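Here is my note on this structure, as numbered points. Please read it with the chains open beside you.

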Amino acid sequence: MLYQDYAEIFEDLAHGEPKCRGIRFAIDKALERQDFENALILYFDYVEEDYFYGDGFQAAILFPEYVSCFDSHPELHEKYSYNFMWAFKWALSCFESFYQIPLSQITDMYRQYSEYCEKLNYNKRSYYRKLWCMMSNYGLKSLPVCSSIEQAHRLMMHCPLDDLSEVKAGEADDLSSYYLDIEKDIDKALKAAEPILSGKVSCSTVPHYTYSNFAMWYFEHNDLEKAENYAKKSLRLIMRDFVADNSLMEHKGKILMILAYTDLPEALKFFRRQIKPCSANECGWDNFHFFRGAYHLMHCLEKNGEQTVRILFPDTNDPIYNESNNYSTAVLKKYYFDKAKFIADRFDERDGNHHFNYLLNKKYNY
Amino acid sequence: MEKDYKFKVNLGGMIDILSNHLYSSPDVFVRELLQNGTDAISARIAQDKDYREEDAKVEIEVEEGKQIIFRDNGTGLNEDEIHRFLSVIGQSSKYDIENNMANGDYIGRFGIGLLSCFMVTDHICVRTRSYKCPDTVLEWKGMADGTYTIETIESTMPVGTEIIIENNKTDKDDSVDEYYNCDNISNIIYYYGLFLKYPVYTVSGEEKTRLNLKFDFDADKDKKLCMTLGKTFLGEDFLDCFTLRSPTGLFSGIAYVLPYPVSANVHNMHRIYLKNMLLTENGQKLLPEWAFFIRCIINTNNLKPTSSREDFYEDEALDRARNELGDIIADYFEDLDIHNKELLYKIVSIHNLAVKSVISSGDSMDDLLLPYIIFHTSLGDLTGKDILDFGSTAFYTIDENQFRQLAPLYVQRSQLLINAGYVYEDAIITKLSEMSRKTDIIKLTDSDIDFMLDDSEFDGDPAADKLLRTASKILRKYDCKPALKEFRPFEIPTLYTINEKAYKARQIKRSKQNANNIFMGMLNSFESEISSNAVACLYLNTNNLIIRKLIDMDDEEKLSCYIEILYVQSLLSGHFPLLNNEMKILNENLYNLMSFT
């Protein structure tokens, strides 16, 4: 069978869970036929699908099977190592975003990624990039494999760009994020982001990410006008490309939070669009950001005098659900805070710090 | 000690790179000369108060096989401008003049267009009379080796510019000769410049032939012409066309509705003009992503092309253009709903997927289009309106396999099960359920399935209880519980259902069968989080003869074989992924059965 014959099984299915199930079926068909070449392509498709459109759980679970198939067929390494390594990068992002996985196991998986880089003749730029990003996202000052974020970034910059590097837009966005989050230098960040902000470079998730990062910076630095401007730019792109699924949840949560303080009706509208896809999300990282955003939204609604809000709560089994679809904003505020806190506690316990609780407990007196 | 050095540039080599490697084909020299001529005319209209737009023209004269002359009656160039703009690569006169007039008038921005002529000649001659100093005619001759001359000549030419290209290229291939042909040049002009603002003529002796159209991009004025243009340039007999006109002046054009369905993954090619000059036939980025059932011929004056002139920068203007295009398409649908419902229905039927994309991406067209959408259901293909009018509970599932497995059961009970596993459908079903007044549209859960199946007449029967006990024992190792039910069609002996948690638990188990130590820890961590709500159930249909036979069976060993076979068979028919040992079990049990006889 040709790849296209397998693809017909799932190409018309909705992104996320339906498509993953379809690809899973196609993988099984390929394995039944001992068609390992197409199986490897389909494994990649599965990880990509869940990484970009799902919550990463399926990708994380399937990935060991992918590794096993890849390792069993060294004759296919030259042709498929590129796909495999990209999938590994995405899988790493998935693993670290679930608090259920201990940090020691995540570190082991990073080590394994590094070993594959050597084995398959890639440099370690992507490895160091993943490291500094993870450490930044989870507030980790150091890891057994790396003494600091700055060191990881420095080591990354010493390695040349290769096939596992991000596209131009992604690299520019990375650099800009580093300046914002680590060096706290807005001027450098704006300069690094210039090709993105001027429209010269873009990719599937840039400038969505970039706008949201700048929005958050300005929000934290009391420039609400710029924060709202960037948040809405990001929102427009997200609504165009990623509205009906679980992707970009970190950014959706940030935008929700910012708009809660700058444009409450727009924030509520966005929340209503997102609440259903988010209800099926199992990923702690995703959920923390969304719940945090939702908490701030309810807080602002309450402050604005809105005692109740009408929403279609998707999970009818949740104790908070009520058939009238009208909810007390005070109750929802506590509900989302508690949900975010649960996750924050789990992450902080895993990581041995207070990063997530710090983020959750930040107050904004706008 | 530090020393200053200057870069040395091999001009001849640079010209070769620019003219032979930047552009995709020699055809573009015609485009470049047309652009230069058009821009010069635009400049003169803006600057020279005595010049009338109706006098503007570009003329092309071809001496077959020998030379081509491009003439315009634009601003012309004085000596200073010649030195600055014709002889310095990368400096465009249009950039300077932008300060004095609207940015919108200039097509070329990169100042290297004229050099493209070196693809078809070794020698460019420019004669020009500037309106600023009309007493002087200058002649500039540029060579492919990077040298040039300027001199004042005697000439009666009017204000404007003449560019003369001779067929003298050394080391040329045969294709260069083809350009020194009037028909060929005309075709290229037609291709690039059909919609140019100013008249473009080919001149042969006293005879002048206008090549471009006076065209307003208005489908309401002349639909027949627009449909003909669509067929000519885009190669299709479209269903319909409509006008695209930006309220903010960003674009104008014609949109065409494809006559056949296309996949959401297909990138439609649009014919895009920049300031009325063809930019690309392969433009993809302009329309919203959901508008994949539309192709268009579109002109823009204000979007920024990339340096290769084959795409646009992703900036706010492009974003705004896309939003406006989306709104115009929405207005088109609204208009059809009022004036031509039949056509709207036809379009939605053909482009069901595209229309679903439109609905799921925004709010503006839900009420209008949802009733027309076609859904795949247990009761056949139904429209949104059919579902809204159904009148009792309708279930939906996003799992296509589950739909296929359960649809026959729902048919038997005349109940509605909707397959919402396709692209966009989950979001659309949500909107449909919000709109619905008569029909409850709810997501299928395990308890709904259980509720739908009838209690078995064998409940409490000792033989049936024995079957259940044996089945429980066998199926426990597969984390599955048996239950006796009755359902139709009778031919289905078993039905396997699994809730989300159990599905994930199964996935983890499968992965663990292949995982190395590093990943095992991760999988164990996930497994421990799956709650006791993980439920998989094998329903045994007591309407089915096989199950009835099993109820009467005393031989435990045979019974176990049959149960395992039915279990695996139900996994296969539901397209559930098998664990490593499950296929093996099927084969082993079939073999055992053969041994029993």
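1. The largest cavity is lined by Pro207(A), Tyr211(A), Lys233(A), Arg236(A), Leu237(A), Arg240(A), Glu314(B), Asp315(B), Glu316(B) and Asp319(B). A cavity here is a set of points, on a 1 Å grid over the protein atoms alone, where a 1.4 Å probe fits but cannot get out, and lining residues have an atom within 4 Å of a point. The model is predicted: local features need pLDDT of at least 70 and side-chain atom pairs count only at pLDDT 80 or more, while totals for chains, interfaces and linings use all residues. Residues are numbered from 1 along each chain as its sequence is written, chains are lettered from A and ligands numbered from 1 in the order in which they are written, and side-chain values use heavy atoms, with hydrogens and water left out.

2. By class the lining has 7 charged, 3 nonpolar and no polar residues. In this scheme Asp, Glu, Lys and Arg are charged, Ala, Val, Leu, Ile, Met, Phe, Trp, Tyr, Cys and Pro are nonpolar, and the others, Gly among them, are polar.

3. The largest cavity holds about 110 Å³ of space, and the count of cavities of 30 Å³ or more is 6. Volume is the space filled by probe spheres set on the grid points, which are joined across faces, edges and corners.

4. The second largest cavity holds about 70 Å³. Its lining includes Arg21(A), Arg24(A), Phe25(A) and Asp28(A), and also Asp399(B), Tyr503(B) and His575(B). Helix 2 (residues 17-32) of chain A supplies the largest share, 4 residues. The classes are 4 nonpolar, 3 polar and 4 charged.

5. Pro207(A) sits in the loop between helix 11 (194-197) and helix 12 (208-220) of chain A. In chain B, a cis peptide bond joins Arg488(B) and Pro489(B), with omega about 5°. Pro489(B) is in the loop between strand 20 (481-486) and strand 21 (494-498) of chain B.

6. Lys184(A) has a positive phi, near 55°, though the residue is not glycine. Lys184(A) belongs to the loop between helix 9 (168-181) and helix 10 (186-192) of chain A.

7. Chain B has an open sheet of 8 strands in the order 5-4-3-6-2-1-7-8, with mixed pairing; two strands pair if DSSP finds at least two bridges between them. Strand 5 (148-153) and strand 8 (207-210) are at the edges with a single partner strand each, so one side of each has no neighbour in the sheet. The twist averages 20° from one strand to the next. Strand 4 (residues 137-143) and strand 5 pair antiparallel over 6 bridges, and Trp140(B) stands opposite Ile150(B).

8. Helix 2 (residues 28-47) of chain B packs on this sheet, touching strand 1 (58-63), strand 2 (67-72), strand 6 (160-166) and strand 7 (200-204), at about 25° to strand 2. Contact means heavy atoms within 4.5 Å. Axes are lines fitted to C-alpha atoms, for helices over the stretch in contact, and angles run from 0 to 180 degrees between N-to-C directions. Helix 6 (residues 182-193) of chain B lies across strand 1, strand 2 and strand 7, at about 150° to strand 1.

9. A further open sheet in chain B has 5 strands in the order 9-10-13-11-12, again with mixed pairing. Strand 9 (240-245) and strand 12 (277-283) are its edges, each with a single partner strand, so one side of each is left without a neighbour in the sheet. Neighbouring strands are turned by 15° on average, direction ignored. Strand 9 and strand 10 (residues 251-257) run antiparallel, joined by 6 bridges, and Asp240(B) has Val257(B) as bridge partner. Helix 6 of chain B packs on this sheet too, touching strand 11 (270-274) and strand 12, at about 75° to strand 12.

Notes. Helices (H or I, at least four residues) and strands (E, at least two) are DSSP runs, numbered from the N terminus. On a 1 Å grid over the protein atoms alone, a cavity is a set of points where a 1.4 Å probe fits but cannot get out, and a pocket is an open set with protein on both sides within 12 Å along at least five of seven lines; lining residues have an atom within 4 Å of a point.
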